[in-house]
Amino acid sequence: MSRTVWLNGVYLPEQEAHLSIFDRGLLFADAVYEGFGVLDGQIIDFPYHMQRLNRSLAELEMQSPMSESALFDGLMGLISRNKVEEAFLYLHVTRGAHDRDYLYPDGLTPNVFAFTQPLHGGLAADPPQPLRLASAPDIRWARRDIKTSNLLGQVLAKEIARKAGADEALMIAPDGTVTECGAMSFFIVRNGCVHARPLSRDILPGITRQTMLRVADRQGLKVIEATFTLDEVFRADEAFATGASSYVQPVPEVDGRLIGNGETGPVTALLRNEYLKAVRASFR
């Protein structure tokens, strides 16, 4: 059965949804996006995702396609029509369509579309799937803090990981420090402390990252925000990654080397359980 998608305010079967070949998102990756988790038929952390979306739009001087309430209603309608209780929800906003020119005219009408798809990291009720990582050079553009659709660097990194027999890439900056995974935030645990790379233009401000760190604080865990190297990852007691489509996912292996004892660590397990409790509590 075909999915229903949402395109410029209209619900359509996926095979009937089309955009112009002159759309700037296609020609220049002149577009931003958000990826949401859907749990119990509800959108996780919707207000925080909207804050990030609005920031991305503002950084690119791009017009917002519609009000926040209209976006919410449209996305919830999509969830209902596709009858999903737990899924990944993707929202994409382009600057609009125009003849190919690096310079864009004023007054373009943004295109906005959304669709649902299965989770990447397994269902919340299931034991978390271990995520094997392979390191890859981080060759992305310098404004990784803006959630644009310019993802070719991540595509290439993930292909390196796949060829190495891994599930996901762990990207390494030219200075040897770890930035993040191809599509997830990355953390290590040492002596019960969570180590997180601080926010900057080098990484995406992950929404699941943000909520997980609030949960860690409420659980009394010490969080150290500082850069760390791949060698420090190998010496960690635990490692895990966070993302809208996978919640908190254990990383037992990087480059074929076990992290800790190669099992889901107690801090990772605690954070996953408490994260799921926290987001469910926010639905009420």
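Helix 2 passes helix 5 in a right-handed crossing. In this predicted model, the axes of helix 2 (residues 46-59) and helix 5 (residues 207-218) come within 10 Å and cross at roughly 130°. On the helix 2 side the contact involves Tyr-48, His-49 and Arg-52, and on the helix 5 side Ile-207, Gln-210 and Arg-214.

Helix 2 also packs with helix 3, at an angle of about 125° and with the two axes 12 Å apart. That angle makes helix 2 oblique to helix 3. Here too the crossing of helix 2 past helix 3 is right-handed. The residues that meet are Phe-46, Met-50, Leu-53 and Asn-54 from helix 2, and Glu-68, Leu-71, Phe-72 and Leu-75 from helix 3.

Helix 3 itself covers residues 68-82, which is 15 residues. From its first C-alpha to its last it reaches 21 Å, close to the 21 Å expected at 1.5 Å a residue. Its buried residues are Leu-71, Gly-74, Leu-75, Gly-77, Leu-78, Ile-79 and Asn-82. Among them, Leu-71 and Leu-75 also belong to the set that meets helix 2.

Just after helix 3 comes Lys-83, with a positive phi of about 55°, although Lys-83 is not a glycine. Lys-83 lies in the loop between helix 3 and strand 5 (87-94). Its relative accessibility is 72%, so Lys-83 counts as exposed. Asn-191 is a residue other than glycine with a positive phi, near 50°, and is found in the loop between strand 10 and strand 11. At 70% relative accessibility, Asn-191 counts as exposed.

Another loop residue, Ala-244, sits between strand 13 (238-243) and strand 14 (247-250). With a relative accessibility of 15%, Ala-244 counts as buried, because the cut-off for buried is under 20%. What does Ala-244 touch, leaving aside its neighbours within four places in sequence? Its contacts are Gly-35, Phe-36, Gly-37, Phe-88, Leu-119 and Thr-208. The C-alpha atom of Ala-244 is separated by 8.4 Å from that of Val-38, a residue 206 places away along the chain. Of the contacts of Ala-244, Phe-88 falls within strand 5 (87-94), and Thr-208 within helix 5 (residues 207-218).

Helix 7 (residues 266-282) has 17 residues, which at 1.5 Å a residue should span 24 Å; its end C-alpha atoms are 24 Å apart, in agreement. The buried residues of helix 7 are Val-267, Thr-268, Leu-271, Arg-272, Glu-274, Tyr-275, Leu-276 and Val-279. These buried residues pack against strand 3 (31-39), strand 10 (185-190), strand 11 (193-196), helix 5, strand 13 and strand 14.

The cysteines remain. How many disulfides does a search of the whole structure find? The search finds zero. Cys-181 is buried, with a relative accessible area of 1%. Cys-193 is also buried, with a relative accessible area of 16%.

How values were computed
Residues numbered from 1 in each chain as written. Predicted model: local features only at pLDDT ≥ 70, side-chain atom pairs only at ≥ 80, totals over all residues. Heavy atoms only, no water. Disulfide = S-S within 2.5 Å. Buried < 20%, exposed > 50% of the residue type's maximum accessible area, 1.4 Å probe, protein only. Helix = DSSP H or I, 4+ residues; strand = E, 2+ residues; numbered from the N terminus. Expected span 1.5 Å × (residues − 1). Axes fitted to C-alpha atoms, helices over the stretch in contact; angles between N-to-C directions. Left-handed = near helix turned anticlockwise from the far one by under 90°. Contact = heavy atoms within 4.5 Å. Parallel < 35°, antiparallel > 145°, perpendicular 65-115°, else oblique.
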